[in-house]
Amino acid sequence: MALPYYVSPEQMMADKAEYAKKGIAKGRSIVAMEYADGVLLVADNPSASLHKISEMYDRIAFSGAGKYNEFEMLRKAGIRHADLKGYTYSREDVTAKSLANAYSQSIGSLFSADPKPLEVELLVVEVGQDGKPNELYRISFDGSIIDERGVAVIGGKSEALMTFLKSRWTSASISLREALRLSLEALDTVTNQKLGAEGLEVAVLDRTRTGRTFRRIGSAEIKALLA
Amino acid sequence: MSRFLDPYGSSFYDFLASRGPEPLHQAPQSGSQPTASGAPGLSGLPAVPHGTTVLAIRFQGGVLIAGDRQATEGFQVSGRRIDKVFKADEHSAIAIAGAAGPALELARLFQVELEHYEKLEGDMLSCEGKANKLSQMVRGNLPMAFQGLVVIPLFAGYDLKRREGRIFKYDVTGGRYEETEYHATGSGGKDARDTMKQMYRRGLTEAQALRIALEALYNAAEEDVGTGGPDLIRGIYPTMKVITDAGIRDLEESKVAETCNALISERREKV
């Protein structure tokens with residue numbers, strides 16, 4: 001019987017990471033940005049029905065980049081996690097931190113155990129209420145979790161976008177209109193295209209709302225904001 | 001298709017039943033179990049829950065759902081400010097009658113169920129879909145009902161496709177029946193239904209529906225010991241919610257109080 005080829009663990013992990021990175025870079029980007037009333041999420045998404053941004057709980061939103069079936073599965077699992085926790089304890093006990101941790105755990109263990117790593121990058125954001133700061137968690141394909149401030153980007157050319165936005169985003173007190181324009185400008189510049197309202201998926205976590213703060217912004221409203 | 005690959009589908013109730021902290025509706029093992037001989041064990045099942053009157057009435061452009069505020073424990077009043085009518089989602093509400101614990105739990109679970117479905121699917125359930133799901137949940141409670149913990153909900157919603165308010169009543173086995181005009185359930189349900197039968201006519205306005213609902217609840221409270229009337233000393237009035245195409249809203253307490261006081265002074269003149 002022939003022995004299987006020896007591959008060093010370093011090599012195996014490096015190969016997996018490269019594979020996952022390639023898959024994620026092929027996709028389109030999603031930007032999350034703090035603004036005066038909460039957090040804005042903007043996705044470069046030509047489909048009006050297949051969403052990349054989703055409501056998770058009262059103050060929490062989810063966004064996934066990479067392979068649709070993989071982040072969709074993670075999105076559903078997250079909603080079950082959140083709803084079960086809120087039902088068992090209380091609505092205020094559901095936090096982005098705990099969700100992001102759960103994602104990090106399962107993506108991380110899949111990355112080391114499965115031959116094929118998940119080609120996904122996730123954003124879990126929570127809008128802060130009663131003077132608490134917003135929380136933006138970015139979770140990578142290997143389960144690493146990054147606590148971002150102000151702006152977070154996943155998928156596609158995320159590094160270039162991040163560099164662009166870091167130099168332009170000034171403070172969390174910008175208006176929704178300014179935040180949306182800046183996000184669109186970044187996406188346009190980095191991807192060298194002209195995205196219209198139809199090519200965008202936009203949603204906000206608006207802290208001025210009570211209960212469920214997530215709200216989708218339709219193309220008519222996007223046009224009005226960009227006008 | 002996804003239901004076969006994804007064992008939980010889009011239902012929180014199904015998910016909880018299989019994976020929750022404890023199995024749902026686990027009936028206590030002691031006590032009388034239904035017998036196989038003779039009447040199929042339903043003889044011991046109370047057809048109508050003790051205490052409570054909740055009702056729903058349709059009007060032009062929507063539906064009104066209301067309930068009294070009293071909780072009863074044997075011959076004692078155990079609560080004067082209980083809410084028995086709950087918003088289920090933006091376009092529907094559930095009113096409960098029966099054993100308080102399981103009934104409140106059913107209402108809470110139903111709220112999560114609708115929100116869960118909406119988030120997973122990205123769409124709201126249809127009015128019909130919500131009513132059917134509630135039917136399955138009531139049926140799930142059957143083992144508990146055999147132990148005497150009967151829960152009977154009343155469901156009212158605005159059907160965005162048909163553009164009208166709809167009312168569904170249930171029986172203890174989860175049987176689901178649509179009512180086209182009005183319905184009331186609970187121990188004072190019959191008295192409330194009698195009143196609504198006399199006063200109901202097609203094309204009511206919201207204000208007229210409010211008035212009829214209050215008359216019905218007042219009569220139920222007069223005839224049924226398990227139903228509380230308006231408490232003028234403490235300022236406790238029935239819970240009233242209105243569902244239209246614009247969504248669900250609570251009727252302002254001042255408006256309910258005003259209509260209630262008008263009703264009482266009219267009756268005072270009669271005696």
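Colleague: What share of the residues of chain B count as buried?

Modeller: This is a predicted model, and in it 44% of the 271 residues of chain B count as buried. The label needs 20 or more other C-beta atoms within 10 Å of a residue's own, so that 44% is the share of chain B that reaches this cut-off.

Colleague: What makes strand 3 of chain A mostly covered?

Modeller: Five of the five residues of strand 3 of chain A are buried. Each of them therefore has 20 or more other C-beta atoms within 10 Å of its own.

Colleague: How do you know that strand 3 of chain A pairs with strand 4 of chain A?

Modeller: Pairing takes at least two bridges. Four bridges join strand 3 of chain A to strand 4 (residues 60-66) of chain A, so the two strands pair. They run antiparallel, and a hairpin of two residues links them.

Colleague: Which elements give two or more residues to the side of chain A that touches chain B?

Modeller: Nine residues of chain A are in contact with nine residues of chain B. Strand 3 (53-57) and helix 2 (68-88) of chain A are the elements that give two or more residues to that side of chain A. Helix 2 gives the most, with six residues. By type, the residues on this side of chain A are two nonpolar, three polar and four charged.

Colleague: Which residues touch the most other members of the largest nonpolar core?

Modeller: In this core of 136 residues, they are Val124(A), Leu55(B), Ala56(B), Leu64(B) and Ala213(B). Helix 7 (residues 206-223) of chain B supplies the largest share, ten residues. Leaving aside residues up to four places away in sequence, Val124(A) touches several others, including Ile60(A), Phe62(A), Leu99(A) and Tyr137(A).

Colleague: Why should some predicted coordinates not be read in detail?

Modeller: In chain B, pLDDT stays under 50 over residues 27-41, on a scale that runs from 0 to 100. The model has twelve contacts beyond four places in sequence for that stretch. Chain B as a whole averages a pLDDT of 88, and 86% of its residues score at least 70.

Colleague: What does the model score for ipTM and pTM?

Modeller: The ipTM is 0.92 and the pTM is 0.90.

Terms used: Residues are numbered from 1 along each chain as its sequence is written. Chains are lettered from A and ligands numbered from 1 in the order in which they are written. This is a predicted model: local features need pLDDT of at least 70, side-chain atom pairs count only at pLDDT 80 or more; totals for chains, interfaces and linings use all residues. pLDDT is the predictor's confidence in each residue, from 0 to 100. Two residues are in contact if their C-beta atoms, placed from the backbone, lie within 7 Å. A nonpolar core is a set of buried Ala, Val, Leu, Ile, Met, Phe, Trp, Tyr and Cys residues joined through C-beta atoms within 7 Å. A residue is buried if 20 or more other C-beta atoms lie within 10 Å of its own, exposed if 12 or fewer, and partly exposed in between; C-beta atoms are placed from the backbone. Ala, Val, Leu, Ile, Met, Phe, Trp, Tyr, Cys and Pro count as nonpolar, Asp, Glu, Lys and Arg as charged, and the others, Gly among them, as polar.
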